[in-house]
Amino acid sequence: MTSFQWIAFVVLAVPFVLTVTLTVRRTIAPRVGLAWGLLWIAAAVLIARPELTAVLARALGIGRGTDLVFYFAILAMVFGFFSVYVRLRRIESDLTKLVRELALRSAAEPEDQRITRSERKP
C-alpha cells in the first residue's frame, strides 16, 4: 500500500464515522446515511484497488479509469447543484406562503389587539 492510500483511508474514515453517527442519532435519514456510507466505502475500495476503475471504464467504453472517476464526479456535482436549487426554490415558496399567512392573520386582527415591536418585551 502506498502512503497516499493510507492517508486517503484515514481521511475517508472521518466522514464515514460521522455519517454513521448522524444516522444512528437520526440527524439524517437512514436511507441517506446508507447512501453516503456506501459512497465512502466505494471510494476506499477504489483507492485500495485502482485497477477496478480501469476495468469498469473499459466495460463502459471509456478509455481510462481516471476519466470514469472524473465523469462521475461531474455528474454528481450537476445532480447536487440541481438538488440544492430545487430545495432552495421549495424553501423560498414555503417562506412566501408563511409570510403571506402571517400578513393575512395580522390584517384580520382587531387594531387594539396588535402589539407593536416597541411594546413587546424581549
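Predicted model: local features only at pLDDT ≥ 70, side-chain atom pairs only at ≥ 80, totals over all residues.

Colleague: What makes the pattern of the protein chain α-α-α-α?

Modeller: The protein chain has 4 helices and 0 strands. Read along the sequence, these elements give α-α-α-α.

Colleague: How do you know how the protein chain compares with a compact globule of 122 residues?

Modeller: The compact globule would come near 14 Å, but the protein chain has 25 Å. The box filled by the C-alpha atoms, taken along the principal axes, is roughly 75 × 30 × 25 Å. Buried residues make up 11% of the 122 residues, where buried means under 20% relative accessible area. The accessible surface of the protein chain comes to about 10,500 Å², and 69% of that belongs to carbon and sulfur atoms.

Colleague: What share of the contacts between residues at least 6 apart in sequence joins residues at least 24 apart?

Modeller: That share is 37% in the protein chain.

Colleague: Which residues form the nonpolar patch on the surface?

Modeller: The patch consists of Leu34, Leu38, Ile41, Val45, Leu46 and Leu52, which together have about 500 Å² of accessible area. Helix H2 (residues 30-48) gives the largest share, 5 residues. Leu52, by contrast, has its place in helix H3 (residues 51-59).

Colleague: Why is Leu52 called partly exposed, and what is Leu34 called?

Modeller: Leu52 has 35% relative accessibility. Leu34, in helix H2, has 54% relative accessibility. The cut-off for exposed is over 50%, and Leu34 therefore counts as exposed.

Colleague: How many aromatic pairs does the structure hold, and what makes the pair of Trp6 and Phe9 edge-to-face?

Modeller: There are 3 aromatic pairs. In one of them, the rings of Trp6 and Phe9 have centres 6.5 Å apart and planes at 85°. Planes over 60 degrees apart count as edge-to-face, so this pair is edge-to-face. Trp6 and Phe9 are 3 residues apart in helix H1 (residues 3-24), which means that about one helical turn separates them. Trp6 counts as exposed because its relative accessibility is 54%, whereas Phe9, at 21%, counts as partly exposed.

Colleague: Why is the aromatic pair of Phe70 and Tyr71 called by another term?

Modeller: Phe70 and Tyr71 lie 6.4 Å apart, centre to centre, with 55° between the planes. Stacked requires under 30 degrees and edge-to-face over 60, so the pair is tilted. Tyr71 has 41% relative accessibility and therefore counts as partly exposed. Phe70 is also 36 residues from Leu34 in sequence and 23 Å from Leu34 in space, C-alpha to C-alpha.

Colleague: How do you know whether Gln5 is buried or exposed?

Modeller: The relative accessible area of Gln5 is 9%. Buried means under 20%, so Gln5 is buried. Gln5 has its place in helix H1. Not counting residues up to four places away in sequence, Gln5 touches Ile47, Ala48 and Pro50.

Technical notes:
Residues numbered from 1 in each chain as written. Heavy atoms only, no water. Patch = residues over 30% accessible without salt bridge, like charges linked within 9 Å, V, L, I, M, F, W, Y side chains within 5 Å. Areas by Shrake-Rupley, 256 points an atom, 1.4 Å probe, with all protein chains shown as cover. Salt bridge = Lys/Arg side-chain N within 4 Å of Asp/Glu carboxyl O. Helix = DSSP H or I, 4+ residues; strand = E, 2+ residues; numbered from the N terminus. Buried < 20%, exposed > 50% of the residue type's maximum accessible area, 1.4 Å probe, protein only. Phe/Tyr/Trp six-rings, centres within 6.5 Å; stacked < 30°, edge-to-face > 60°. Rg over C-alpha atoms; globule rule 2.2 N^0.38 Å. Contact = heavy atoms within 4.5 Å.
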